[in-house]
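Here is a friendly note to read alongside the model. Please keep the 3D view open and look up each residue as you go.

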Amino acid sequence: MTNNTPSLDLVEFIETQILPKYAEFDRAHNLEHVTRVIRNSLELIRPTGADTNMVYTIAAYHDLGMCGHRADHHIRGGKILATDARLKKWFSPEQIKIMKEAVEDHRASASRSPRTIYGKIVAEADRDIDPDRIIRRCIQFGLANYPEKTEEEHWVRFKEHMHNKYSKDGYIKLWIPNSPNAKRLSELQNLIEQPQQLREAFNRIFPEEVAILNTDSK
């Protein structure tokens, strides 16, 4: 039976040296997000037979590249992992190469399939398709990166992003057959096809996020 519990000393290293870095990122890529990606990744170990320590580490490092521009954060994140000499305590050079490639391959807009099962796992785990959560994260990203926009301008950006990424014609791809994400993506696509309901969801969540942002800035 495949064990989906990573080594305790690796967990201690990740939790004290790596995960705190996510406090520096926007609310769509914060500690809550990476913790969820780790949890989702570990749940995919048994059906794939992947190495637990590798899956855990890839998930923990996958968005560290957000320390720079978002557009190439997956490439930067792979370099951060590959050059972290501390990982040599747990992994061989070949394993580190595979993990680097997995981080590089996790981005939803990638034009090709991840090169290994490890890239597919983190890509799938990063999707975490829950309609409300997806909507909230999209709004959070907009507020963090385009604070000058009006609410209506945020709605236009939000609607365009949701269609481009999550609609039936969108670029998002799922890599693990029969994963829980498949059903939830279908639900989200149905919502996107009903603009009035999508706007109602935006109108419900947007003021909540603005209020949180205002509270945090005080």
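1. **Before you start.** Please keep in mind that this is a predicted model.

2. **The largest core.** Which residues have the most contacts inside the largest nonpolar core? That core holds 38 residues, and the ones with the most contacts inside it are Phe-13, Ile-14, Ile-38, Tyr-61, Leu-87, Phe-91 and Tyr-118. Two or more residues each come from α1 (8-18), α2 (31-43), α4 (52-61), α6 (93-104) and α7 (117-127). The largest share, seven residues, is given by α4.

3. **A closer look at Ile-14.** Leaving aside residues up to four places away in sequence, Ile-14 touches Leu-19, Pro-20, Tyr-56, Ala-60 and Tyr-61.

4. **A second core.** There is also a separate core of 20 residues, which includes Ile-134, Phe-158, Tyr-166 and Leu-188.

5. **Asp-105.** Is this residue buried or exposed? Asp-105 counts as buried because its relative accessibility is 4%, and buried means under 20%. You will find Asp-105 in the loop between α6 and α7. Not counting residues up to four places away in sequence, Asp-105 touches Arg-112, Pro-114, Arg-115 and Ala-123.

6. **The largest pocket.** Its volume is about 500 Å³. Of the 24 residues in its lining, His-29, Arg-70, His-161, Lys-165 and Tyr-171 are the closest to the centre. At least two lining residues come from each of α7, α8 (131-145) and α9 (151-166), and α9 supplies the largest share, six residues. Sorted by class, the lining has eight nonpolar, seven polar and nine charged residues. Why does this pocket lie between domain 1 (8-127) and domain 2 (131-217)? Because both domains give residues to its lining.

7. **The second largest pocket.** This one has a volume of about 150 Å³. Its lining includes Arg-27, His-33, Arg-36, Arg-133, Arg-136, Arg-137 and Glu-209. Each of α2, α8 and α11 (195-217) supplies at least two lining residues, with α8 giving the most, four residues. By class, the lining has two nonpolar, three polar and seven charged residues. Domain 1 and domain 2 both contribute to the lining of the second largest pocket, so this pocket lies between them.

Methods: Residues are numbered from 1 along each chain as its sequence is written. This is a predicted model: local features need pLDDT of at least 70, side-chain atom pairs count only at pLDDT 80 or more; totals for chains, interfaces and linings use all residues. Side-chain values use heavy atoms; hydrogens and water are left out. A nonpolar core is a set of buried Ala, Val, Leu, Ile, Met, Phe, Trp, Tyr and Cys residues joined through side-chain atoms within 4.5 Å. Buried means under 20% relative accessible area, exposed over 50%, partly exposed in between (1.4 Å probe, protein chains only). Contact means heavy atoms within 4.5 Å. On a 1 Å grid over the protein atoms alone, a cavity is a set of points where a 1.4 Å probe fits but cannot get out, and a pocket is an open set with protein on both sides within 12 Å along at least five of seven lines; lining residues have an atom within 4 Å of a point. Grid points are joined across faces, edges and corners, and a volume is the space filled by probe spheres set on the points. Ala, Val, Leu, Ile, Met, Phe, Trp, Tyr, Cys and Pro count as nonpolar, Asp, Glu, Lys and Arg as charged, and the others, Gly among them, as polar. Domain bounds come from an automatic or database domain assignment.
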